Amino acid sequence: MTVEVRLFAVLTDHTGWSRQSMDAPAGRTVEQLWQQLVQAHPGLGSLGYRPMVACDCRYSDWDSVLDDVQEVAFLPPVSGG
Amino acid sequence: MVILQTEPIDLASLFEQVRGDGDGAVVHFVGYVRNHHKGREVRYLEYHGYDEMAEAEMRRLADSIRTEFEIDAIAIVHRLGRLEIGDASVAVVISSAHRRPAFDACREAMDRLKRTVPIWKKEFFVDGVEWVDGRDPC
């Protein structure tokens, strides 16, 4: 199974990409996926905060399981307006 | 009505669409791009969004404001892309029979938009470029 991972704003400065498909074996949680990202891009681990999480365009929790999720997004504190 | 757009915001047309003959009040808020942030001179801004979710969040926001306040209609518009100093970046327009719920709803809608709608501001200063940290209360 794969899940589409979306990153935004300052997070993309740490990875160089904003969208990527990643493997998500059954039972994989948002938290575990994030840890995988932090390992590959250590800058994400030193943000000083945890981003918000959205699954399929809805705010979601870190312990959400990705089995039925098409797209998971990590959102730094929003600053529209 | 919620809109994400790169084109300039047409306030007059929003007023027309929101106001009905039963409305005695139309209250609006418009946010503009200013030329300074924390003592630094800003040249221009870029707004980046998670478009699909931003639109969904704006719709959820409009629905909840309509449910919670005695208003008639609400329009929320946010611009994306490059904006120059003095450009309108966001507008909330609310109509109601009487003024008080429209004022209250307008303030609440803007406060929630700034907390929940996934849009980010990138500031281009005369001396650098930075993403605005949404945790700053400004």
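**Where the chains meet**

I looked up the contact between the two chains first: 14 residues of chain A are in contact with 23 residues of chain B (contact here takes C-beta atoms, placed from the backbone, within 7 Å). This is a predicted model, where local features need pLDDT of at least 70, side-chain atom pairs count only at pLDDT 80 or more, and totals for chains, interfaces and linings use all residues. Residues are numbered from 1 along each chain as its sequence is written, while chains are lettered from A and ligands numbered from 1 in the order in which they are written.

Next I checked which elements of chain B touch chain A. Strand 4 (40–49), helix 2 (51–68), helix 3 (99–116) and strand 8 (119–125) of chain B each supply at least two residues. Helices (H or I, at least four residues) and strands (E, at least two) are DSSP runs, numbered from the N terminus. Helix 3 of chain B gives the most, with 4 residues.

**The sheet in chain B**

I then traced an open sheet of 4 strands in chain B; the order is 1-5-7-2 and the pairing is mixed (strands pair if DSSP finds at least two bridges between them). Strand 1 (2–5) and strand 2 (25–32) of chain B are the edges, each pairing on one side only.

Strand 1 of chain B runs parallel to strand 5 (residues 73–79) of chain B, over 4 bridges. I picked out one bridge there: B:Gln5 has B:Arg79 in strand 5 of chain B as its partner.

Helix 2 of chain B also packs on this sheet, touching strand 1 and strand 5 of chain B, and its direction makes about 155° with that of strand 1 of chain B. Axes are lines fitted to C-alpha atoms, for helices over the stretch in contact, and angles run from 0 to 180 degrees between N-to-C directions.
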